[in-house]
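Hi everyone, thanks for coming.

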Amino acid sequence: MSTPKSDFLKILAERGFIHQCTDLSGLDARLSDASVPAYIGFDATADSLHVGSLVQIMTLRWLQKCGHKPVVLIGGGTTQIGDPSFRDSSRPLLDDEQIARNASGLKQVFSRYLAFGDGPTDAVMVDNAVWLDPLRYLPFLRDFGTHFTINRMLSFDSVRQRLEREQPLTLLEFNYMVLQAFDFLELSRHHGCVLQMGGSDQWGNIVNGIELARRIDRRQLFGLTTPLLTTSAGAKMGKTASGAVWLNAEKLSAYEFWQFWRNTEDDDVARFLRLFTELPLDEVHRLGQLKGSEINEAKHILAHEATRLAHGEEAASKAADIARRTFEEGENASGLPTFGLSLADLDAGVTVAQLLVLAGFSSSKSEARRLVLNSGARLNGNVVQDADARIGAGDLAAGALKLTAGKKRHVLVQVND
């Protein structure tokens with residue numbers, strides 16, 4: 001289609017958020033006419049989201065900035081099943097208490113990106129356990145099961161690929177797409193949602209909801225998906241060698257979050273500036289044209305803007321200051337991420353290789369040894385020569401030591417009684 005008329009779709013198109021839409025022209029007309037409630041669902045499988053969910057979160061943020069109403073759906077009900085989409089195995093089943101704790105953690109994430117309240121464009125958060133938990137199984141199957149055919153459900157890539165790999169798909173998981181479709185119907189009825197958004201892996205689930213509402217309520221709904229995001233090296237967003245890049249400070253410090261964005265590959269900088277910041281596109285274009293050492297300016301801006309949204313201006317500025325003092329001035333900066341080591345551990349004889357594993361810089365002792373062999377590990381700024389060397393009291397300064405892996409990963413190891 002031509003350039004969208006609605007501000008929301010125009011911004012999404014310009015910044016690279018749109019992968020598929022069920023009816024782009026029809027949705028554009030609805031968004032141009034009035035404020036539209038739209039939702040994205042997030043299952044409570046962990047007590048935080050990571051940057052792999054950030055495209056969806058930014059989509060909701062732009063929706064609100066353009067005068068529409070974000071509805072954050074927490075899958076308190078569907079988490080009891082687990083989304084089977086493009087997975088080789090079933091998710092571990094969580095109990096109600098764990099799901100509730102996880103949902104509480106997710107609320108902290110969204111409070112940074114969205115304004116919640118009772119106004120017409122204020123975000124709201126709802127839990128699908130409200131309508132899924134009370135369902136009576138046989139009446140539900142009778143009323144809604146007739147609108148889904150096994151033939152069509154098997155045709156979706158998320159199901160077909162699982163079966164082609166000869167991985168089991170349980171009856172419990174097979175019900176997931178029916179319940180997600182029911183979510184869309186419920187949200188359209190009680191919250192006025194006309195649009196469901198999600199990652200490209202949710203296309204089949206979204207289409208099922210649209211079809212269910214058309215059949216039962218004769219209601220026109222819309223679906224829009226964002227592209228699956230990978231780095232230029234082909235890695236999936238949200239994961240690093242040392243673990244997930246969480247959005248909650250309790251799980252990952254603002255400094256480590258800042259460093260993740262600072263370490264972005266050159267080829268990804270412009271794209272990430274479009275997706276994960278609110279900088280004007282002409283400024284994004286200028287920064288994306290920088291080459292050589294000058295691109296570090298763009299990476300610093302990306303790190304600052306992404307961290308500011310997730311953790312606030314003060315935390316972003318502090319993270320940048322820690323990085324400057326650590327990298328440019330060589331200080332053993334007190335604001336670095338830390339982890340503790342007991343005197344008993346020290347007396348028992350902790351080696352450098354063990355320390356690298358404990359710090360999350362290596363996944364195994366053999367990987368740690370390779371890092372040392374390649375002169376990639378340092379203690380207090382000094383290159384480590386022996387991976388099996390024991391850490392001693394002489395390595396400590398004020399009860400701590402600085403451990404470095406490569407050029408950009410640092411941690412303070414604090415020894416406690």
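Is Ser 375 buried, exposed or partly exposed? Before I answer, a word on the source: this is a predicted model, where local features need pLDDT of at least 70, side-chain atom pairs count only at pLDDT 80 or more, and totals for chains, interfaces and linings use all residues. Residues are numbered from 1 along each chain as its sequence is written, and side-chain values use heavy atoms, with hydrogens and water left out.

Okay, the answer: Ser 375 is partly exposed, because its relative accessible area is 45%. For that term, buried means under 20% relative accessible area, exposed means over 50%, and partly exposed is in between, with a 1.4 Å probe and protein chains only. You'll find Ser 375 in the loop between helix 19 (365-373) and strand 10 (377-379). Helices here are DSSP runs of H or I with at least four residues, strands are runs of E with at least two, and both are numbered from the N terminus.

Ser 375 also has a positive phi of about 60 degrees, although it is not a glycine. Most residues other than glycine have a negative phi. Arg 218 is another one to look at, with a positive phi near 55 degrees. Arg 218 sits in the loop between helix 11 (203-217) and strand 6 (222-226), and with a relative accessible area of 67% it is exposed.

Now let's zoom out. The protein chain has 19 helices and 13 strands. Of its 417 residues, 49% are buried. Take the contacts with a separation of 6 or more: 75% of them come from residues 24 or more positions apart. Contact, by the way, means heavy atoms within 4.5 Å.

Back to helix 11 for a moment, as Ile 206 lies in it. Ile 206 is buried, at a relative accessible area of 0%. Leaving out residues up to four places away in sequence, it touches Gln 180, Phe 184, Gln 196, Met 197, Gly 198, Gly 223, Leu 224 and Thr 225.

Next, a helix pair. Helix 13 (residues 269-276) packs against helix 15 (residues 295-311) at an angle of about 25 degrees, and their axes are 10 Å apart. That makes the two helices roughly parallel; the label covers angles under 35 degrees, while over 145 is roughly antiparallel, 65 to 115 roughly perpendicular and the rest oblique. Helix 13 brings Val 269, Phe 272, Leu 273 and Phe 276 to the contact, and helix 15 brings Ile 295, Ala 298, Lys 299, Leu 302, Ala 306 and Leu 309.

Last topic: aromatics. There are ten aromatic pairs in the structure. Rings of Phe, Tyr and Trp (its six-membered ring) pair if their centres lie within 6.5 Å, and planes under 30 degrees apart are stacked, over 60 edge-to-face and the rest tilted. Phe 144 and Phe 182 have ring centres 4.8 Å apart and planes at 65 degrees, so that pair is edge-to-face. Phe 144 is in helix 6 (residues 137-144) and Phe 182 in helix 10 (residues 176-190), so the pair ties together parts 38 residues apart in sequence. Ring pairs also link Phe 257, Phe 260, Trp 261, Phe 272 and Phe 276 into a cluster.

Note on methods: Axes are lines fitted to C-alpha atoms, for helices over the stretch in contact, and angles run from 0 to 180 degrees between N-to-C directions.
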